[in-house]
Amino acid sequence: MIRVGFLTSGGDCQSLNATMRGVAKTLYQTYDDTEIYGILEGYKGLIYGNYRKMKPSDFSGILTEGGTIIGTSRQPFKKMREPDENGLDKVKAMKDNYKKWGLDCLVILGGNGTHKTANLLSEEGCNVVTLPKTIDNDIWGTDITFGFQSAVNIATNAIDCIHTTAASHGRVFIVEVMGHKVGWLTLHAGIAGGADIILIPEIPYDINSVVKALEKRNKQGKKFSILAVAEGAVSKEDAALSKKELKAKKREKLYPSISYQIGQEIQERTGQEVRITVPGHTQRGGGPGPYDRVISSRLGSAAARLIIEGKFGYMVGFRNGEIVPVPLNDVAGKLKIVNPESSIIKEAKGLGICFGD
Ligand code: F6P
C-alpha cells in the first residue's frame with residue numbers, strides 16, 4: 001500500500017495532466033492498493049487541508065488535456081514563513097496535513113518558486129519528489145521543462161500568422177512572447193518563426209542597433225520585419241539601473257509592456273508603421289504537443305520509479321536525452337538562463353538575426 005499526494009503549483013502549462021498521468025499509471029501498475037490524494041489548488045490545498053481522493057479513472061483520457069485537473073495557484077515562497085491573515089503557520093500546517101493524511105510522499109509539479117517551497121518541505125522532513133514544469137524552460141538542472149515545447153509551438157504559430165499580414169502591409173510587427181526573466185521561449189519561437197530581431201532579457205538591447213537592423217532590411221528591399229520580444233526584454237539603459245530604480249520606473253507605467261515602448265521608438269525613428277501582438281496566456285493554453293506528451297510521460301514514470309525505490313528529495317530532470325534525479329537543494333533558488341555566448345545565439349546571429357546588442 002502506498003499513499004501519495006499530488007500537487008500542481010504556480011502558473012499552469014499544457015502538460016501537467018500528462019505528467020500526473022505518467023506518475024499515476026506507473027504507481028497503479030506497481031501497487032494494487034495505490035492511493036492518490038489530489039491536493040487542490042497547489043500549496044493552498046496543502047496548507048488548508050483541501051484534497052480529493054483520486055481514482056484510476058481520473059487519470060484516463062487526460063494525456064492530451066491542458067490545464068490541471070487538481071487546480072493550481074501561486075503561493076509566493078517568500079511569504080511561506082509568514083503567518084496567514086488568521087495567524088496560521090503555513091509551513092506547520094502543510095507538515096501537519098502531510099502527517100494527518102498519512103502520506104508516504106508528495107509529488108510536486110511546478111516551476112522555480114514551487115521548487116523553493118518543495119525544498120523547504122523536504123528539509124522539514126517530508127518525502128518529496130518534484131517534476132519540472134514551466135513554459136519558460138528556466139529550471140536549473142534539467143535541459144528541458146515540460147510545457148516549454150508546447151508553448152514554443154503556440155508562440156511560433158503566432159509569428160507564422162503575423163508573417164502573412166506583415167508582408168501584405170509592409171509593416172513592422174512585434175510579437176511579445178512570455179518570459180519575464182529568461183528568453184528561452186522567445187529565442188526558440190523567434191528562430192522557428194523566422195523573426196528578424198529577437199530581444200531577450202539576457203541580452204539587453206540598444207534601440208539604435210534595432211533601428212539599424214530594420215534600416216538594413218529596408219535597404220535590402222525587405223518591406224516588412226518581425227521582432228520576437230520577450231516580455232522581460234530590457235534596454236541597455238534600464239539594465240544599468242539598480243533594481244529599486246527599475247521598479248520605480250516600471251511603476252510609472254508609461255507603456256502597457258516593453259513591446260509598446262519599443263514599438264513607439266521604432267515608429268518615431270524609422271517612420272515605419274508598427275503593430276504589436278501579445279499572444280499572452282494562449283501560450284500556456286490548450287493541450288500538449290507530442291514532444292511534451294513523451295517528455296511528460298517519461299518524467300512522470302521516472303518520478304514514480306523514485307518513489308518505488310524510496311528515493312526522496314529529488315527533482316526528476318532530463319539531461320542529454322536521459323532522465324536523471326537532481327537533488328532538490330541543488331535546484332532550489334537557481335535559474336537556468338540563456339547564455340549570450342552559447343552556440344544557439346551564435347548560430348542565430350549567423351542566420352542574420354539581430355539581438356539588439
Ligand atoms: O509560468 C510562467 C509564466 O507564464 C511566465 O512566462 C509569465 O511571465 C507568467 O507565468 C505569467 O504569470 P500569470 O499567469 O500569473 O499572469
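Two residues are said to touch, or to be in contact, when they have heavy atoms within 4.5 Å of each other.

## Basis of the model

The model is predicted, and local features need pLDDT of at least 70, side-chain atom pairs count only at pLDDT 80 or more, and totals for chains, interfaces and linings use all residues. Residues are numbered from 1 along each chain as its sequence is written, and side-chain values use heavy atoms, with hydrogens and water left out.

## Threonine 145

Threonine 145 lies in the loop between strand 5 (128-132) and helix 5; helices (H or I, at least four residues) and strands (E, at least two) are DSSP runs numbered from the N terminus. Its relative accessible area is 0%, so threonine 145 is buried, a class that means under 20%, with exposed over 50% and partly exposed in between (1.4 Å probe, protein chains only).

Leaving aside residues up to four places away in sequence, Thr145 touches Pro132, Lys133, Thr134, Asn137, Asp138, Ile139 and Asp292. Proline 132 is 13 residues from threonine 145 in sequence, and their C-alpha atoms are 5.2 Å apart.

## Overall form

The protein chain contains 13 helices and eleven strands. Of its 357 residues, 52% count as buried. Its C-alpha atoms fill a box of roughly 70 × 40 × 30 Å along the principal axes. Among contacts between residues at least 6 apart in sequence, 74% join residues at least 24 apart.

## Nonpolar cores

A nonpolar core is a set of buried Ala, Val, Leu, Ile, Met, Phe, Trp, Tyr and Cys residues joined through side-chain atoms within 4.5 Å. The largest has 61 residues, of which Phe6, Val23, Val107, Leu131 and Ile307 touch the most other members. Helix 5 (residues 148-169) gives the most to this core, with eight residues. Another core, apart from this one, has 23 residues, including Ile47, Leu103, Ile108 and Val128.

Not counting residues up to four places away in sequence, the contacts of leucine 131 include Thr19, Val23, Val107, Phe146 and Val316.

## Second largest pocket

A pocket is an open set of points on a 1 Å grid over the protein atoms alone, where a 1.4 Å probe fits, with protein on both sides within 12 Å along at least five of seven lines; lining residues have an atom within 4 Å of a point. The second largest pocket holds about 290 Å³ of space, the volume being that filled by probe spheres set on the points, which are joined across faces, edges and corners. Of its 14 lining residues, Asp196, Arg217, Gly352, Ile353 and Cys354 are the closest to its centre. Helix 7 gives the largest share of the lining, three residues.
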